[in-house]
Amino acid sequence: MTLPLITTKSEEIFAAAQKLMPGGVNSPVRAFKSVGGQPIVFDRVKGAYVWDVDGNQYIDYVGSWGPAICGHTHPDVINALKDALDKGTSFGAPCVLENVLAEMVIDAVPSIEMVRFVNSGTEACLSVLRLMRAFTGRDKLIKFEGCYHGHGDMFLVKAGSGVATLGLPDSPGVPKSVTSSTLTAPYNDLEAVKQLFAENPGEIAGVILEPIVGNAGFIPPDAGFLEGLRVLTKENGALLVFDEVMTGFRIAYGGVQEKFGVTPDLTTLGKVIGGGLPVGAYGGRRDIMSMVAPAGPMYQAGTLSGNPLAMTAGIKTLELLQKPGTYEYLDKITKKLSEGLLKIAKETGHAACGGQISGMFGLFFTQGPVHNYEDAKKSDLAKFSRFHRGMLERGIYLAPSQFEAGFTSLAHTDEDIEKTLAAAREVMSSL
Ligand SMILES: Cc1ncc(COP(=O)(O)O)c(C=O)c1O
């Protein structure tokens with residue numbers, strides 16, 4: 001890319017968008033508020049790349065916020081979608097594709113014996129909370145500071161990236177009565193969870209968490225944290241829920257629960273299992289899932305749930321991920337990127353820390369280590385903004401917030417990573 005970056009058309013379109021949609025977007029982080037400057041308006045995507053409406057090409061580390069793990073518009077997915085389109089976009093009736101994807105999910109994810117498909121990660125998390133409460137007969141919930149579980153009222157407490165980015169501690173419009181049942185603890189702090197259980201005996205339905213955090217930047221669990229939560233929830237008759245909307249089929253084919261060998265009672269999924277179409281899912285132990293209507297009394301429904309297009313894109317994406325060497329490749333290129341960024345930061349005199357697992361990574365402009373959201377907030381946000389803009393100007397599209405994880409895909413090549421690192425060296429040298 002040649003400097004300066006020309007984004008005249010993006011600017012025009014975004015100016016018009018701001019009169020039409022709140023903030024010019026349909027999901028807040030896209031507006032670049034936390035990094036400043038104008039967002040670029042996308043025209044098309046392919047493989048590891050995106051093109052904006054001015055014709056600029058970027059190496060993409062957002063991947064539609066996770067789904068594009070095989071690279072954008074993979075021909076297998078697109079061709080299968082074209083065939084599916086001819087048969088209809090929505091049935092609102094049983095279709096065999098639902099069975100196929102359900103079987104694939106059940107085979108892959110250790111905790112899932114039965115699954116229900118919905119249309120987004122938010123819907124999956126809202127539904128799983130209702131199920132946790134229905135099954136236990138308890139109302140309270142423990143979540144972790146900086147973890148995001150969609151925009152359901154009772155999750156909008158210390159909810160990470162999008163909310164953090166806007167500087168809203170909670171959102172207006174969320175009744176206190178709703179969030180009063182939401183208890184929060186710092187991530188990686190088992191003692192705090194123990195204390196909450198002790199203070200609320202017999203009242204806590206369960207614990208929900210991102211088993212690797214992506215919504216406060218990339219924060220992995222400390223050794224023993226997930227295992228400790230498994231023990232504590234069992235001891236207290238509460239359910240353990242892994243929100244694997246981001247990590248499912250990304251960290252490993254079976255998600256974080258496969259990678260770390262800790263099996264929750266329930267799991268939420270989204271992003272990758274929809275292959276770029278709108279999907280979410282929740283699933284888990286058969287005895288718990290049997291409470292969901294119409295098998296049981298807990299009501300949850302959806303006009304477009306399990307629609308043939310989303311199921312098709314999900315099936316094809318998971319088939320691609322089953323090929324040998326997939327996760328080894330993701331790990332290899334992402335490690336090269338993450339280690340490279342940290343080395344460059346050090347050599348150019350910036351305090352930084354970060355890491356990666358499989359195709360998910362993060363870089364904080366703080367010495368670290370970062371174990372939780374409070375640690376993440378010590379990052380130099382002004383520096384991150386300058387870094388983000390500098391990378392954008394050099395054709396590298398990073399998530400526009402310090403509090404977001406980055407994603408690679410099977411389409412990213414060694415050369416892409418090298419170009420990215422060369423750009424990072426230039427930018428960091430000038431910060
Ligand atoms: C961990 C996690 N849970 C839930 C959600 C909500 O998913 P959606 O945006 O599809 O509603 C997200 C979205 O980024 C997420 O990262």
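Strand β3 and strand β13 (residues 396–397) run parallel and are joined by two bridges. Ile59 has Ile396 as its bridge partner in β13. Two strands count as paired if DSSP finds at least two bridges between them. Strands (E, at least two residues) and helices (H or I, at least four) are DSSP runs, numbered from the N terminus.

This is a predicted model, in which local features need pLDDT of at least 70, side-chain atom pairs count only at pLDDT 80 or more, and totals for chains, interfaces and linings use all residues. Residues are numbered from 1 along each chain as its sequence is written, and side-chain values use heavy atoms, with hydrogens and water left out.

**Confidence**

The pLDDT is the predictor's confidence in each residue, from 0 to 100. The protein chain averages 95, and 97% of the residues score at least 70. Over residues 165–169 the pLDDT is below 50, and this stretch has eight contacts in the model beyond near neighbours in sequence. Contact means heavy atoms within 4.5 Å. Where pLDDT is low, the predicted coordinates should not be read in detail.

Tyr49 stands opposite Ile59 in β3. Four residues lie between the strands of this hairpin, and Gly55 takes a positive phi near 90 degrees.

**The seven-stranded sheet**

An open sheet of seven strands has the order β4-β10-β9-β8-β7-β5-β6, with mixed pairing. β4 and β6 (182–185) stand at the edges with a single partner strand each, so one side of each has no neighbour in the sheet. From one strand to the next, the twist averages 20 degrees. Strands β9 (residues 266–270) and β10 (residues 280–284) run antiparallel and share five bridges. Thr267 has Gly283 as its bridge partner in β10.

Helix α3 (residues 96–108) touches β4 and β9, and its direction makes about 125 degrees with that of β4. Helix α4 (residues 121–136) touches β4, β5 (140–144), β7 (204–209), β8 (239–243), β9 and β10. The direction of α4 makes about 165 degrees with that of β9. Axes are lines fitted to C-alpha atoms, for helices over the stretch in contact, and angles run from 0 to 180 degrees between N-to-C directions.

**Cavities and a pocket**

On a 1 Å grid over the protein atoms alone, a cavity is a set of points where a 1.4 Å probe fits but cannot get out. A pocket is an open set with protein on both sides within 12 Å along at least five of seven lines, and lining residues have an atom within 4 Å of a point. Grid points are joined across faces, edges and corners, and a volume is the space filled by probe spheres set on the points. The structure holds two cavities of 30 Å³ or more.

| Space | Volume |
|---|---|
| Second largest pocket | about 460 Å³ |
| Largest cavity | about 200 Å³ |
| Second largest cavity | about 60 Å³ |

The second largest pocket has 23 lining residues, and the closest to its centre are Glu98, Val115, Arg116, Phe117 and Ser305. Strand β4 (residues 114–118) gives the most to this lining, with four residues.

The largest cavity is lined by 20 residues, with Phe361, Leu363, Phe384, Leu398 and Glu404 closest to its centre. Strand β12 gives the largest share of that lining, four residues.

In the second largest cavity, 15 residues form the lining, and Asp60, Gly63, Ala68, Ser409 and His412 lie nearest the centre.
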